Every structure is written in C-alpha cells, then in structure tokens.
Amino acid sequence: MDSELSRLHFASKEWASFQLVNHGVSPAFLENPEKVVGLTTHCDDSALTILLEINEVEGLQIKKDGKWIPVTPFPNAFVVNIGYVLEIITNGTYRSIEHHVIVNSVQGRLSIGTVYSVRYDGEMYPASNLVSENTPSLFKRVKVEE
Ligand SMILES: O=C(O)CCC(=O)C(=O)O
Ligand SMILES: [Fe+2]
C-alpha cells in the first residue's frame, strides 16, 4: 500500500523529517508577562529548518556579532535556518546561527517548522571534496545520535 501515510512514514524513517507547530501564548500566561519565555537560545541540530511565521508576529531573533537581531516576518516568506548537520557536511562553510524566540504580552505567535535531518543511525562528517590540505576537516566523524 503506497498511501500518503506510508510514504510519510518512509520519509520520516529515512530522513528524520518532521513538522512542529508552536502555538501562541495562552491568555493565562499573558497575564504574567514577566514569566513569559519563548524558545531559549539554541542552534538547530537539524540539517535545515524551514519556518513559516504564520501570523507574522515578531519574536525570532538571531545572534550576530554578539547582538540580537530580530527576524522581521515577511508575508508568505519562509525563514531557512541552517543546522549543525549542514555546518558539519559543508565543513563550516555554512554556519548554524544561534537564535531564540521571545514572546510579547500583546499577541501570541504562531510558527510552523519543517525540520530536515539525516538518518538517526548514520554518521556525519565533512564532504570529502571540501576537505584538502588547505582546508582541513574542522569536524571529526560523529554518530548522528551523538
Ligand atoms: O518559531 C520559530 O520561529 C523558531 C523555532 C525554532 O527555532 C526551532 O523550532 O528550532
Ligand atoms: Fe531553532
């Protein structure tokens, strides 16, 4: 049976891709804005994360040269975030950037992300054609699960 579901199951198993939805902040939470935390600072451990800021509420920020810079939502545009996996495969040519999400007490924020990664039982290391005497490998071979 080659249903959508079995194809999705195959894709999730082979590429570990899945979707996540961040819901807005609940009204109860909004009554205590000082307690409101968004998503704490992190780099994605995916290969690529493709994000849609559904209701175009600001909140996502990236850290550049030690400063937090807001990623202003742009109608119908995706935010493409590079994760550790791609940083390793490209031997650091593409860097994974630190980011976090802050929420405000006025409006909830809604985003949907599709996370593309690699097989969980595999290994990752820089692509061999990106490693040379002049560009030594910046990463050792590691298991994806590590
Ligand atoms: O909601 C967002 O805009 C960012 C979500 C995020 O950073 C993540 O899921 O890794
Ligand atoms: Fe993230």
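Is Asn81 buried or exposed? Asn81 is buried, with a relative accessible area of 7%. Buried means under 20% relative accessible area, exposed over 50%, and partly exposed in between (1.4 Å probe, protein chains only).

**Before you start**

This is a predicted model: local features need pLDDT of at least 70, side-chain atom pairs count only at pLDDT 80 or more, and totals for chains, interfaces and linings use all residues. Residues are numbered from 1 along each chain as its sequence is written, chains are lettered from A and ligands numbered from 1 in the order in which they are written, and side-chain values use heavy atoms, with hydrogens and water left out.

**Stop 1: the whole protein**

Show the cartoon. The protein has 3 helices and 10 strands. Both are DSSP runs numbered from the N terminus: helices are H or I with at least four residues, strands are E with at least two. Along the sequence the pattern reads α-β-α-β-β-β-β-β-α-β-β-β-β.

Switch to a surface. The protein exposes about 10200 Å², and carbon and sulfur atoms supply 57% of that. Such areas come from the Shrake-Rupley method with a 1.4 Å probe; for residues, only the protein chains shown count as cover. Of the 146 residues, 29% count as buried.

Contact here means heavy atoms within 4.5 Å. Among contacts between residues at least 6 apart in sequence, 76% join residues at least 24 apart.

**Stop 2: the iron ion**

Select ligand 2, the iron ion. Its protein donors are His42 (NE2), Asp44 (OD) and His99 (NE2), lying 2.1 Å from it. Donors are N, O and S atoms within 2.8 Å of the metal (3.2 Å for Na, K and Ca); water is not among the atoms, so sites may look incomplete. Along the chain the donors follow the spacing H-x1-D-x54-H.

His42 is partly exposed, at 25% relative accessible area. Asp44 counts as buried, at 10%.

**Stop 3: back to Asn81**

Select Asn81, which lies in strand S6 (residues 78–82). Which side chain does the side chain of Asn81 meet in a polar contact? The partner is the side chain of His99, at 3.3 Å. A polar contact is a pair of N or O atoms within 3.5 Å; within protein, one must be able to donate a hydrogen and the other to accept it, and residues adjacent in sequence count only if both atoms are side-chain atoms. Leaving out residues up to four places away in sequence, Asn81 touches Asp44, Ala47, Leu48, Thr49, Ile97 and His99.

**Stop 4: a four-stranded sheet**

Select S2, S7, S4 and S5. These 4 strands form an open sheet in the order S2-S7-S4-S5, with antiparallel pairing. Strand S2 (39–42) and strand S5 (67–70) stand at the edges, each with a single partner strand, so one side of each has no neighbour in the sheet. The twist averages 25° from one strand to the next.

Zoom to S2 and strand S7 (residues 99–101). They pair in the antiparallel sense over 2 bridges. Two strands pair if DSSP finds at least two bridges between them. His42 stands opposite His99 in S7.

Next, pick Val101, also placed in strand S7. Val101 counts as buried at 11% relative accessibility. Val101 and Thr40 are 61 residues apart in sequence, yet 6.7 Å apart in space, C-alpha to C-alpha.

**Stop 5: the S4–S5 hairpin**

S4 and S5 pair in the antiparallel sense over 4 bridges. Find Lys64; its bridge partner in S5 is Lys67. The two strands form a hairpin with 2 residues between them, and Asp65 in the turn has a positive phi of about 50°. Asp65 is exposed, with a relative accessible area of 74%.

Most residues other than glycine have a negative phi. Glu56 also has a positive phi, about 55°, and is not a glycine. Look for Glu56 in the loop between strand S3 (48–53) and strand S4 (60–64). Glu56 is partly exposed, at 40%.

**Stop 6: Glu53**

Finish on Glu53, in strand S3. Glu53 is buried, with a relative accessible area of 7%. Its side chain makes a polar contact with the side chain of Arg109 (2.9 Å). Beyond its neighbours within four places in sequence, Glu53 is in contact with residues including Leu60, Val71, Pro73 and Arg109.

Definitions and conventions
Axes fitted to C-alpha atoms, helices over the stretch in contact; angles between N-to-C directions.
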